[in-house]
Amino acid sequence: MSMNELVYLIGQISARKPETHKWRERILTRYSGDPRVDFIDPCSNSFNQEIMKMDKEKVSYTEMFKNIKGTQLLVPKDKSYVTRSTMAIANMNTYDSKKPIIGTFFELAWYIEYPEKTVIGIYGGDREKDLNCNHPFVKEAVNLWVKDDAEACAVLDHYYLKPLTHTHTLYRGGH
């Protein structure tokens, strides 16, 4: 019996900062068609797509959440993603200083409840000097730190994914 990894891609989501979506898209593209791994992408639902369409210069985040029905479902939905996943890739870079990353902190705390689930942390700067990454709660939740999403994928490949055989060749494009 083969069990795929189910990786939850956690981190800041901001309609104002495309990189909060692009790093996830790069990972999803890299593993497109790969039978060894599946992903939970919190940006791929209608809720986040609706926020992306709003005029972000005229509407504050507080107003966005106030005007969308069902936002009370975000917490139990994200908690269910943590419980269903086998691991997480947690991007701890802050791309939008006007938007808190409270949801990511909750998710990291929930992962502490599941010590058998790996959390790979991404941070592009000096973690020792970063207010969030150097916090004891975050340090407890993250098992291994890497500098970017490509390095996170390399760790996933090396430690968690059975090597591809000639019957499972993939085209990854590019480089």
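**Paired strands and ring pairs**

Modeller: Let's start with β1 and β2, which pair in the parallel sense over four bridges. The model is predicted, so local features need pLDDT of at least 70 and side-chain atom pairs pLDDT 80 or more, while totals for chains, interfaces and linings use all residues. Numbering runs from 1 along each chain as its sequence is written, and side-chain values use heavy atoms, leaving out hydrogens and water.

Colleague: How do you know that β1 and β2 pair?

Modeller: Two strands pair if DSSP finds at least two bridges between them, and β1 and β2 have four, so they qualify. Strands (E, at least two residues) and helices (H or I, at least four) are DSSP runs numbered from the N terminus. Within this pair of strands, Val7 stands opposite Phe39 in β2.

Colleague: What makes β2 and β5 edge strands?

Modeller: The open sheet has five strands in the order β2-β1-β3-β4-β5, with parallel pairing. β2 and β5 (144-146) each have a single partner strand, so one side of each lacks a neighbour in the sheet.

Colleague: Nice. Which residues of helix α4 are buried?

Modeller: In α4 (residues 74-84), Asp78, Tyr81 and Val82 are buried. Their arc around the axis is only 100 degrees, which puts them on the same side of α4; the arc is taken from axis-to-C-beta directions. The buried residues of α4 pack against β1 (5-11), β2 (37-40) and α5 (102-112), with contact meaning heavy atoms within 4.5 Å.

Colleague: Why is Tyr81 called buried?

Modeller: Its relative accessible area is 15%, and buried means under 20% (exposed is over 50%, partly exposed in between; 1.4 Å probe, protein chains only). Tyr8, at 0%, is buried too.

Colleague: How many aromatic pairs are there?

Modeller: Three. Rings of Phe, Tyr and Trp (its six-membered ring) pair if their centres lie within 6.5 Å; planes under 30 degrees apart count as stacked, over 60 as edge-to-face and the rest as tilted.

Colleague: Then why is the pair of Tyr8 and Tyr81 called edge-to-face?

Modeller: The centres are 5.3 Å apart and the planes stand at 75 degrees, so the pair of Tyr8 and Tyr81 is edge-to-face. Tyr8 lies in strand β1 and Tyr81 in helix α4, so the pair ties together parts 73 residues apart in sequence.

Colleague: And what makes the pair of Tyr31 and Phe39 tilted?

Modeller: Here the centres are 5.5 Å apart and the planes at 40 degrees, so the pair of Tyr31 and Phe39 is tilted. Tyr31 is buried at 3% relative accessibility, and Phe39 is buried at 18%.
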